[in-house]
Amino acid sequence: MPTNYKTIVILHGTLFNCGIFRPIIPFADENASRIILINQRDYRHSTPFNKDELKGLKSGDKDKQDGFVRDRVRELGNFLTWLIVQEDIPANRSGNVDGGGIALVGWSCGNCLILPFLALTEEVMDDNEQKDILRRYIRSVILYDPANVAMGIAVPPAVSGTTMTYDTFAPIVSSYCDHDPSLIDYLESPTMNKFTDDEQVYNALAYTPSSDPNPTSDRIPSELFSKITEPLEVFDRSMVPTVCLSPELYHNYCIRAIQGGAFPNVRVEVMVCSRTIAVVVFGVYKIQRMLLENQILKKMENRRQASFHVWRDFNHCAHWEEPEKFIRLLSGVI
């Protein structure tokens with residue numbers, strides 16, 4: 001491992017805890033990377049939410065929910081500054097050309113915290129020294145198969161009203177979907193003269209999973225599955241309320257993050273898997289359209305630098321299915 005290795009901090013999504021990313025760890029060294037997996041609040045081995053925090057989360061009041069999110073952003077900022085100092089993380093000294101620094105990765109609903117972090121950190125953290133440390137060390141942010149809810153984007157009509165339960169969530173999100181190849185090509189090289197309205201995208205999405213292969217979750221032994229997922233109690237207590245937080249709030253965080261709210265020089269890499277579920281593909285499409293339209297209209301000349309990448313033939317669980325290839329691809333863009 002070189003002394004200027006890259007540190008990759010990964011935030012998991014809903015239901016699955018950080019154990020879902022353990023298969024990538026053996027391949028870190030050969031990619032000059034150090035992997036840090038953390039469990040978010042209320043997940044196994046992390047601090048449970050207290051009554052007041054849960055009350056704010058479930059209040060339905062946007063101000064209280066905004067306060068809840070800001071507290072989580074502050075916690076993540078405090079954790080990252082502690083990690084940098086405690087572990088003597090090598091700094092990002094060459095503008096991402098070489099190693100060093102931290103790449104912050106959010107998977108799926110993990111971006112319900114990553115996007116607010118990019119939007120709010122510099123205003124919610126009071127310690128200027130901490131903010132300076134984060135500015136010097138964060139090299140990039142990766143939105144890996146971001147969930148539409150994290151961006152405050154409504155689901156396509158074909159899946160509107162569909163409820164994923166505790167038992168159906170994993171098989172649905174870890175299934176394989178065969179979307180229209182032209183839509184996937186568009187996500188990789190977007191232009192303004194194709195897929196110009198949502199209706200075209202609705203028709204290009206695959207809403208029924210393929211039977212080949214079966215969902216990732218169906219192929220994980222039950223004993224192992226129970227270790228990398230959380231129990232029903234936690235799913236109902238805080239996971240569902242987090243996903244069901246005000247879409248307007250999440251969309252505002254997303255807009256502010258793209259506009260360069262906190263750490264405007266930190267670039268964003270959006271990674272979408274070609275066989276992921278429809279709501280993820282649609283969400284990424286909508287963010288692309290927003291960026292393209294605003295760029296052309298010159299409303300966001302100073303927006304954050306963002307790039308989009310398509311990982312072919314992967315589903316929503318690329319890190320579990322192909323861990324060696326996943327970490328190699330990830331290391332290539334951070």
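In which way do α2 and α4 stand to each other? The close-up views below come from a predicted model, in which local features need a pLDDT of at least 70, side-chain atom pairs count only at pLDDT 80 or more, and totals for chains, interfaces and linings use all residues. Residues are numbered from 1 along each chain as its sequence is written, and side-chain values use heavy atoms, with hydrogens and water left out.

**View 1. Helix α2 packs against helix α4.** Helix α2 (residues 62–86) and helix α4 (residues 128–137) meet at an angle of about 70 degrees, and their axes are 10 Å apart. Helices (H or I, at least four residues) and strands (E, at least two) are DSSP runs numbered from the N terminus, while axes are lines fitted to C-alpha atoms, for helices over the stretch in contact, with angles from 0 to 180 degrees between N-to-C directions. α2 and α4 are therefore roughly perpendicular to each other, in a scheme where angles under 35 degrees count as roughly parallel, over 145 as roughly antiparallel, 65 to 115 as roughly perpendicular and the rest as oblique. On the side of α2 the residues that meet α4 are Gly 77, Asn 78, Leu 80, Thr 81, Ile 84 and Val 85, and on the side of α4 they are Gln 130, Ile 133, Leu 134 and Tyr 137.

**View 2. Leu 134 is a buried residue of helix α4.** The relative accessible area of Leu 134 is 0%, and buried means under 20%, exposed over 50% and partly exposed in between (1.4 Å probe, protein chains only). Apart from neighbours within four places in sequence, Leu 134 is in contact (heavy atoms within 4.5 Å) with Gly 77, Leu 80, Thr 81, Ile 84, Phe 117, Thr 121, Met 125 and Phe 263. Ser 246 is 112 residues from Leu 134 in sequence and 28 Å from Leu 134 in space, C-alpha to C-alpha.

**View 3. Helix α2 crosses helix α10.** The axes of α2 and helix α10 (residues 247–258) come within 10 Å and cross at roughly 50 degrees. α2 and α10 are therefore oblique to each other, and the crossing is right-handed, a term used if the near helix is turned clockwise from the far one by less than a right angle, with anticlockwise giving left-handed. The residues of α2 that make the contact are Lys 62, Gln 65, Asp 66, Val 69 and Arg 70, and those of α10 are Glu 248, Leu 249, Tyr 253 and Arg 256.

**View 4. Six strands form an open sheet.** The order of the strands is β2-β1-β3-β4-β5-β6, with parallel pairing, where two strands pair if DSSP finds at least two bridges between them. The edges are held by β2 and β6 (306–311), each with a single partner strand, so one side of each has no neighbour in the sheet. Neighbouring strands are turned by 20 degrees against each other on average, direction ignored. Helix α3 (residues 111–124) packs on this sheet, where α3 touches β1, β3, β4 and β5 (267–273), and the direction of α3 makes about 140 degrees with that of β4.

**View 5. Strand β1 pairs with β2 and with β3.** Six bridges join β1 (residues 6–11) to β2 in the parallel sense; Lys 6 stands opposite Ser 33, and Leu 11 has Ile 38 as its bridge partner. Five bridges join β1 to β3, also in parallel, and there Ile 8 is partnered by Ala 103. Six of the six residues of β1 are buried, so β1 is largely enclosed by the rest of the structure. Lys 6, Ile 8 and Ile 10 lie on one covered face, and Thr 7, Val 9 and Leu 11 on the other. In β2 (residues 33–38), five of the six residues are buried, so β2 too is largely enclosed by the rest of the structure.

**View 6. Gln 288 is buried in helix α11.** Gln 288 has a relative accessible area of 2%, and, not counting residues up to four places away in sequence, Gln 288 touches Tyr 186, Leu 187, Pro 190 and Phe 308. Helix α11 (residues 278–296) has the lowest mean pLDDT among the elements of the protein chain, 84, pLDDT being the predictor's confidence in each residue, from 0 to 100. The chain itself averages a pLDDT of 92, and 94% of the residues score at least 70.
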